[in-house]
Amino acid sequence: MGVWRRLLVFGGVSLRGCGGVRVPLGGSRLVICRRQFSGAESETLKQRRSQIMSRGLPKQKPIEGVKQVIVVASGKGGVGKSTTAVNLALALAANDSSKAVGLLDVDVYGPSIPKMMNLKGNPELSQSNLMRPLFNYGIACMSMGFLVEETAPLVWRGLMVMSAIEKLLRQVDWGQLDYLVVDMPPGTGDVQLSVSQNVPISGAVIVSTPQDIALMDAHKGAEMFRKVHVPVLGLVQNMSVFQCPKCKHKTHIFGADGARRLARTLDLDILGDIPLHLNIREASDTGQPIVFSQPESDEAKAYLRIATEVVRRLPPPPESFPKCLGNLPGL
């Protein structure tokens, strides 16, 4: 650790300690504290710090019945994260009908999944007292929006939010899912850390508009996932361009290729571009996501391509390892 020093100036006060010496400085005294750590002591302190840190971190536990978890996140709200999460889940199912897909909304304060997926009602309980997800368009869905009134605000402190997240993660009977898409709240706070540290995540998808203000927070979001050792699969550039429906002129309302520049900075891939289009907004507001309601549209095909890129970058699920490993001694 080397030599560290603290210089504290107190008017007329004499402080001793840490092997310090007093040095007169006008009416004040300058206290210099020094301590020399040897290499062995420094290494011991590092090990002790690591033990304390690891003791406070929860152990990751897979969600029962779920093979792979994909989180969709953004640093800033209002960039189309929930719309992307919904259409990504539908696109994963559309690209491979043999795959079972679920959608988990952990945006406790502003749940969007019930409206976008046209779902209402309270989840039923299984015999094991687990909540059963609601289904629409072939997707299993769970959200805090199913548990509270649509217009009721959640005025909760952090501990209550963490308790709700724990229930959404651990007290849902998902059955057997190949993919669980998690719609995260914006930002890099308690919910993001709680999900990342409690559940093994196969990959994160970062959604941003090309606007500089949104990109600043998207950068922070990507770095947060890296710090908690969650692989970032890539960026989705949402609202990338607006095309006039009459004259077909294209306008980059939020800037051009901002997410691509950020991807190069972070050494990440662009998973795809989603245009700013009226059909996407109308389909989401009416509870008929565009991948379901207009699967042949250019906008739906953009989501389908993104889903393909996401799957291509996912690590293999645990059970896809060679079965012959089970015959090895000790396995």
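Contact here means heavy atoms within 4.5 Å. The model is predicted, so I note that local features need pLDDT of at least 70 and side-chain atom pairs count only at pLDDT 80 or more, while totals for chains, interfaces and linings use all residues. Residues are numbered from 1 along each chain as its sequence is written, and side-chain values use heavy atoms, with hydrogens and water left out.

**Entry: Val232.** I placed Val232 in strand β10. Helices (H or I, at least four residues) and strands (E, at least two) are DSSP runs, numbered from the N terminus. Is Val232 buried or exposed? Val232 is buried, with a relative accessible area of 13%. Buried means under 20% relative accessible area, exposed over 50%, and partly exposed in between (1.4 Å probe, protein chains only). I also checked Val71: it is 161 residues from Val232 in sequence and 9.4 Å away in space, C-alpha to C-alpha.

**Entry: the sheet.** I traced an open sheet of 8 strands with mixed pairing, in the order β6-β7-β5-β8-β4-β9-β10-β13. Its edge strands are β6 (134-136) and β13 (270-274), each of which pairs on one side only. Neighbouring strands are turned by 25° against each other on average, direction ignored. Two strands pair if DSSP finds at least two bridges between them. Strands of a sheet pair through backbone hydrogen bonds, either parallel or antiparallel.

Phe135 stands opposite Ala140 in β7. At the other, 4 bridges join β10 to β13, which run parallel. Leu235 has Ile270 in β13 as its bridge partner. I counted 4 of the 5 residues of β13 as buried, so this strand is mostly covered.

**Entry: helix α2.** Helix α2 (residues 81-95) lies across β4 (66-73), β5 (101-105), β7, β8 (177-183), β9 (203-208) and β10 (232-238). It runs at about 170° to β8. Axes are lines fitted to C-alpha atoms, for helices over the stretch in contact, and angles run from 0 to 180 degrees between N-to-C directions.

**Entry: helix α6.** α6 (212-227) has 16 residues and reaches 23 Å from its first C-alpha to its last, close to the 22 Å expected at 1.5 Å a residue. The expected span is 1.5 Å times one less than the number of residues. Just after α6, His229 takes a positive phi of about 65°.

**Entry: helix α7.** Which residues of α7 (residues 258-266) are buried? I found Gly258, Ala259, Leu262, Ala263 and Leu266. What covers them includes α6, β10 and β13. Just after α7, Asp267 takes a positive phi of about 60°.

**Entry: cysteines.** I searched the whole structure and found 0 disulfides, a disulfide being a pair of cysteine sulfur atoms within 2.5 Å. For Cys244, the nearest cysteine sulfur is that of Cys247, 3.6 Å away.
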